Amino acid sequence: MDLFFHAAVNGVVLGLVYALVALGLSFIWGVMDVVNLAHAEYLMLALYATYWLWALGRVDPALAVPVVVPLFFLLGWLTYRLLVRHLLRAPLATQIFATFGLLFFLRYSAFAAFGPNVRGTLEAAPPASLSVLGVPIAAPKLAAAVVSLAAFGALALFLRRTKTGRALQAVAQNRDVALALGIPAEGMYALAWGIAIASVALAGVLLFPFYQVSPTIGDAFLLIAFASVVLGGFGRVDGALVGGICIGMVENVLGTLLLPTFKLLFVFAVFVLILLVRPEGLVGEPQ
Amino acid sequence: MTRTTRFLLGAGVLSALLPLAVRDSFLHNALILAFLFGTTAQAWNLIGGYAGQISFGHAVFFGLGAYAAAVLLGRYGISPWLSMWAGAAVAVLVSLAIGFPTFRLRRHFFALATLALAEIVRILFLNWPYVGAAVGFYLPLEYRNRPAYLMWDAKPPYYLTALALFLLATLVVWIVDRHRAGVYLRAINQDEDAVEMLGLPTRRYKLYAMALSAALTALAGTVYALYVLYIDPYNVMAGRISLLAVVIALIGGRATVAGPALGALFIVLLSEYTRSWLGGLGAGADFILFGALVMLVSIREPGGLVGLFTRRPAVDVPASEGAGGNPAGPGAGPMRTAPPSAGDAVLRVEGLSKRFGGVQAVRNATLTVRRGEICGLIGPNGAGKTTLFECITGFVRPDAGAVRVDGRAVVGLPPHRIAWADLSRTFQAVRLFGDLTAWENLMCAQEHRREGLWEATVCGHPAPAVMRGRMLLESFGLWGLRDLPSAALSYGQQKLLSLAMAVLRRPALVLLDEPAAGVNPVLVGEIARHIRRLNAEGITFLIIEHNMEFIMALAHRIVFMAGGEIVAEGTPEAIQRNEVVRELYYGR
Amino acid sequence: MKSISRRKFLQYSGAGLGTLLLGNRLTGLAAAQEPTVPIGAVYPLSGALARIGAAIRNGIELAAEIVNTPYPDLTLPLAAASGLPRLGNRKIRLIWGDSRGDPATGRAEAERLIERERVVALIGSYQSAVTATASLAAEAKGIPFLNPESSSPRLTERGFKWFFRTGPHDTTFTKLFFDLMEDLKRRGHRITRVAVLAEDTEFGATAAGVAEGFARVYRYDLVGKELYTSPPASLTAEFLRLRTQNPDVIIGANYLVDAIQIVRTLKEMRWFPQGFMVHAGFTTVPDFLHATGRDGWYFLARAPWALGIGRRKPLVSRVNDLYRRKYGSDMDEVVARAFTGMLCLADAINRAGGTSPAAIQKALQETSIPGAQLIMPWEGIEFDTRGQNKHAAGLMVQILDGDYKVVWPFEIAEAPIVWPAPPWDRR
């Protein structure tokens, strides 16, 4: 029972971290129906950005947020301008392929630029553990989890309460109608990409003290992020939150109680099951 | 195309002779890998290129082929020449198990499902001691240099085996490409619902392509295992293999026969040679290039490398729409054919209801269409006319009620089965397969009821369909445009083509959704004339239309719908006089 | 316009391909006329293991330099003379092949080196899976293959005639762990439960399997065996489970990629077993301490070598000084193994008196290098009939005060072992 409790608390915290990573993926998917296969590579790049800020400029990771996050907002915006914009009217397959190419390009560019070395640092911010209901959780993970909740809340407020947010929703629902109403769809899409990539960069900066930095780190998160999005319900921002927590729980509770070796198997099995039984996701409405 | 065929044949013969001329095992190795991954890419091309179902999990099939051969040889001494077929069979079963549930879903779900399933299978193999688990499986070396066991020290025998396999895969794709199945798969890629409505069992074709693809991939996996002689889940089941297949097919040019061949040579050779030139310096340089190329291909040249060599001849599209007919206005004279004398019911809708969320789109609709008549279905926007069509054709399942086509209950059947009940339809917005030529579009509409998969793979279009198709295109004035991609046709021509597709197989009943919308008045008249002539042939029509002049002149009988209910029906004259209709429709 | 650019593209690519093919020919031709002895080395020079590959490359190149130029003050084989004395002082020339860490590529590179570069012998290839396939090429062509550092026991059980391994394998290594535990028990520590945490690759699974076997023989209770896919998004489930099973010792087979998460998850849970013993993998790579600082202390690693043995063996320090002057860092155990393997191979070629593969094979079989001529703490190098060095052995090092200290066998220890490892709040 105690083990279950520890696993569950860890699961929720980790799930929130996954949700923050998946947020941008879900957002882009929802706004423009594009599946960004390269999503986790931005996490990798954000980890590197934080690392280099620390290694070259001795910038504490906690202070890297105001530098890295706007930088990645710009990067997301650029990705849209240079690549995604050309794919708006393209068939779904072409969009998938393009972001797939982007994944290759970013990952191996990182290989070439930074080498395969594994980097990380402890001196910058020694991750002490904090107690959550008696369960020790590393501070960076807890910070990421809290920020994750805040980010989901902020995004929901932004979408509901601001004029820009409502315009974004209008574009997401019907691009042509939105255009007819004078909403600049292109600008909205670029904004969505900026927000999405900035949010995954935020996750990267927060996770930096806990994770290693290497060009392949994206592998660890890509499928989990997809699983979170599909599980919650694609296209819904809150779906990623619900999905992320579910994945965190499945991984940790089933993994810990049954067999850690098969924890990813459980995650993917649940993922496939949801795909088959309830493709609209846990919080989505049946089509 | 014949030029390409000859070129391919020549290239095949020349490559078979290559090991005699060049004794460079580095080149041999590079080419062996090019052929094996080329085979995988060619196999992927069937499902991912032609049918447009993107799989990121082909490593599973590759690995199954590799493991089947390795384990059967290592544990039971069974020759890979036999076990490769066992591997292929297992791969087919797994592919069907993956495809059957996921082909119902939207396409990116299928892609994600393959990604997840590949991970699941990989984890299972990593923890399955019988096949060596994570330690991997060493193939027994005592079979070396025994051709009966597909194991040599020298390269050329592997080279020839891999080449033969690659030619086999290319031949399979070529056969599919040249016959009906290729056209169908490309149509599925473009618009699955539309091709389903033409009576094509789309899921069956997707499963077929998937199974063929899995089998070929497994064969490549077998040869790879016998070539490398050590396998573990990381070298035969890893994402790397799946991704390589995708990259090769994409950069080479998907949905073409030559694309994966060119792509394999380009990518594998480039990859192997950059390694040898750059050594450690080139860390992943080739992958950066591939990534950039894939993006570029997606944006600029969807044809891939093949697109560099072949270009579509530019053809001017004649501006005249439906040339050849003498224009006749819809209201010109008593054009309406005589109403049929009390025919039996072709379509009987009884008490049909459908609710979407809070909207009752169709409420207790009851409707009968008699054999031989032209029945108009009119009503204000949002009256539920199109929803009624969707319910009849099986795209939407009604909440209540029955639909009988020719006396057969069809509610709950998949759309293609309803089409087989002898019904076809057009869509409000034209839904053609834009990349297919007009003729290919039309041929997708042929009779699929008793068409076997094998027949579709190896046979051309049946003569009756060809004859009738030609007759229809000629009378619609589209014959000269038959080799143009249908996306290049004008809107009116597309409307005519979709009408031709709906009537090609002479169904008992044709549902037309606004055939006259958005076309010029001259063409409207022409369409009316065609419908009358087809009606005279014995085809019954149920037509949704907003163009009152057109439908009143054409229909024998009009059904009026409003607010999801059938409010009135009668002769056009009676409907035009009907007070309720006047009030609801014309607002007076 | 478009068609022109296309044609140009094709022309350029055709011309490029032609030059390259020709270029390859020319280098091959040049190689045949050089009065050097070409030796092929196949290692992961790119990909995830490139860092280790680069270090190995340094070690092997240093060994080649020691052979090729006179180092009279070193008591290593062939150090005093210039080149290979029995081959008319011909120098050895290294030709590198990049395996990318992939078995198929490793084999292809071995073949390329044999056929195109006409190497007389091969050295390689770090990962056991790659060594398995690369040595297959050598076996088929009848070229000696020397492997200094792969640890799968299986490699020397294949009955190969051209395969030689100077270093120890997992059985030898794992025995170290259990012998150390036995010694600790004699000192009064209570050790009964053992668990394994390994990545789910050939490396990890082989190590885990061997540990499982030893646990049975030595009568320990194997309470857990967790394999995970690298890189993991989290190791929380694994460690929650391990903590519940409460092993006294965890045996790890992991690379550096996951080491940082291992250390941080342990610290997060405020838990550490009595001892965490690692199959070299991460602990001995200098980057490990850069990334984890004090948190990385107290891990124990098996190693066939440690810088610390230089205190008893001055030769080690002198070679390490050379290495540091050249590459700016200290040698690590993988480098030392590769270095030793290269010297052993050069020694055999010299004694063969020529470059015929059969002569080199025979010389390798007759190898007898005394321990004094090695930087390794071994009694020497002599191969058994399966090609395994009979004297390959290892020792245990522990990370203490940011340094790698030999702590076992106790007779040669530089520092007393810290056992059990102190809990996090008392570090």
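Two residues count as in contact here if their C-beta atoms, placed from the backbone, lie within 7 Å. This is a predicted model, where local features need pLDDT of at least 70, side-chain atom pairs count only at pLDDT 80 or more, and totals for chains, interfaces and linings use all residues. Residues are numbered from 1 along each chain as its sequence is written, while chains are lettered from A and ligands numbered from 1 in the order in which they are written.

**View 1. Chain C meets chain A.** Here 32 residues of chain C touch 37 residues of chain A. Helix 8 of chain C has the largest share, 7 residues.

**View 2. Chain C meets chain B.** This contact draws on 33 residues from chain C and 28 residues from chain B. Elements of chain C giving two or more residues include helix 1 (2-33), strand 2 (92-98) and helix 6 (202-217). Helix 3 of chain C gives the most, with 7 residues.

View 3. Strand 11 (residues 557-562) and strand 12 (residues 565-570) of chain B run antiparallel, joined by 5 bridges; strands pair if DSSP finds at least two bridges between them. B:V559 sits opposite B:E569 in strand 12. The hairpin leaves 2 residues between the strands, and B:G563 in the turn has a positive phi of about 55 degrees.

How values were computed. Helix = DSSP H or I, 4+ residues; strand = E, 2+ residues; numbered from the N terminus.
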